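Here's a quick briefing to read with the model open beside you. We'll go through a residue, some helix packing and a set of charged pairs.

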Amino acid sequence: GDDKEGVLVSESHTYRYRVEDGDVRIYLPFVVDQERLQELLTEDGWAVDTDDAAPGVQGWGPEHDEEGYYPCWVWPDKERNETVFAFPPRDYKASVEGHTGDGAMELDPVFGPKALEEFTRWIPTLQEAAAKPATR
């Protein structure tokens with residue numbers, strides 16, 4: 001299997017994932033209600049930050065960061081009616097190119113067991129924060 005992109009299948013959804021720009025990105029097949037997510041994360045003691053310049057973009061981590069550096073992010077993909085959930089990779093494998101100049105192994109981020117663990121940890125919260133379809 002490809003360790004850079006693929007799909008995760010759960011009981012209720014199929015999630016596409018891709019390792020891109022140094023992040024693991026999981027494409028959630030629903031729109032996240034930002035205020036709800038912020039509420040859920042804050043209740044659990046996470047520091048949450050939004051980007052005024054980019055509505056819908058939200059980052060969170062264990063503590064407030066002046067620089068705005070947070071490990072987990074979500075942002076909307078309006079065209080697809082999805083939400084992108086991104087976090088730093090924790091799984092690496094030696095790259096095909098092999099060694100860097102100083103003899104150290106070049107490591108390539110991949111989607112592995114730790115990424116799956118991170119996804120599993122956050123998906124209940126993200127699903128709970130899913131925007132409810134507008135009722136008529």
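In which helix does Glu-43 lie? Glu-43 sits in helix α1, helices being DSSP runs of H or I with at least four residues and strands runs of E with at least two, numbered from the N terminus. Keep in mind that this is a predicted model, where local features need pLDDT of at least 70, side-chain atom pairs count only at pLDDT 80 or more, and totals for chains, interfaces and linings use all residues. Residues are numbered from 1 along each chain as its sequence is written, and side-chain values use heavy atoms, with hydrogens and water left out.

**Glu-43**
- Glu-43 is exposed, at 60% relative accessible area (buried is under 20%, exposed over 50%, partly exposed in between, with a 1.4 Å probe and protein chains only).
- From Glu-43 to Asp-65 it's 22 residues in sequence and 18 Å in space, C-alpha to C-alpha.

**Helix packing**
- Helix α1 (residues 34–43) packs on helix α2 (residues 113–128) at about 135°, with the axes 9 Å apart (axes are lines fitted to C-alpha atoms over the stretch in contact, and angles run from 0 to 180 degrees between N-to-C directions).
- That angle makes α1 oblique to α2 (under 35 degrees is roughly parallel, over 145 roughly antiparallel, 65 to 115 roughly perpendicular, the rest oblique).
- On the α1 side the contact uses Arg-36, Leu-37, Leu-40 and Leu-41, and on the α2 side Trp-122, Thr-125, Leu-126 and Glu-128 (contact means heavy atoms within 4.5 Å).

**Salt bridges**
- The structure has eleven salt bridges (a side-chain nitrogen of Lys or Arg within 4 Å of a carboxyl oxygen of Asp or Glu).
- Glu-5 and Arg-18 pair up at 3.4 Å, N to O, linking strand β1 (residues 5–9) to strand β2 (residues 14–20) across 13 residues.
- Arg-16 bridges to Glu-82, with the closest N and O atoms 2.8 Å apart. Arg-16 is in β2 and Glu-82 in β7 (residues 82–87), so the pair ties together parts 66 residues apart in sequence.
- Glu-82 is buried at 10%, while Arg-16 is partly exposed at 26%.

**Arg-25**
- Arg-25, in strand β3 (residues 23–28), is buried at 13% relative accessibility.
- Arg-25 also bridges to Asp-21, with 3.5 Å between the closest N and O atoms; Asp-21 is exposed at 66%.
- Through shared partners, salt bridges join Glu-5, Arg-18, Glu-20, Asp-21, Asp-23 and Arg-25 into one network.
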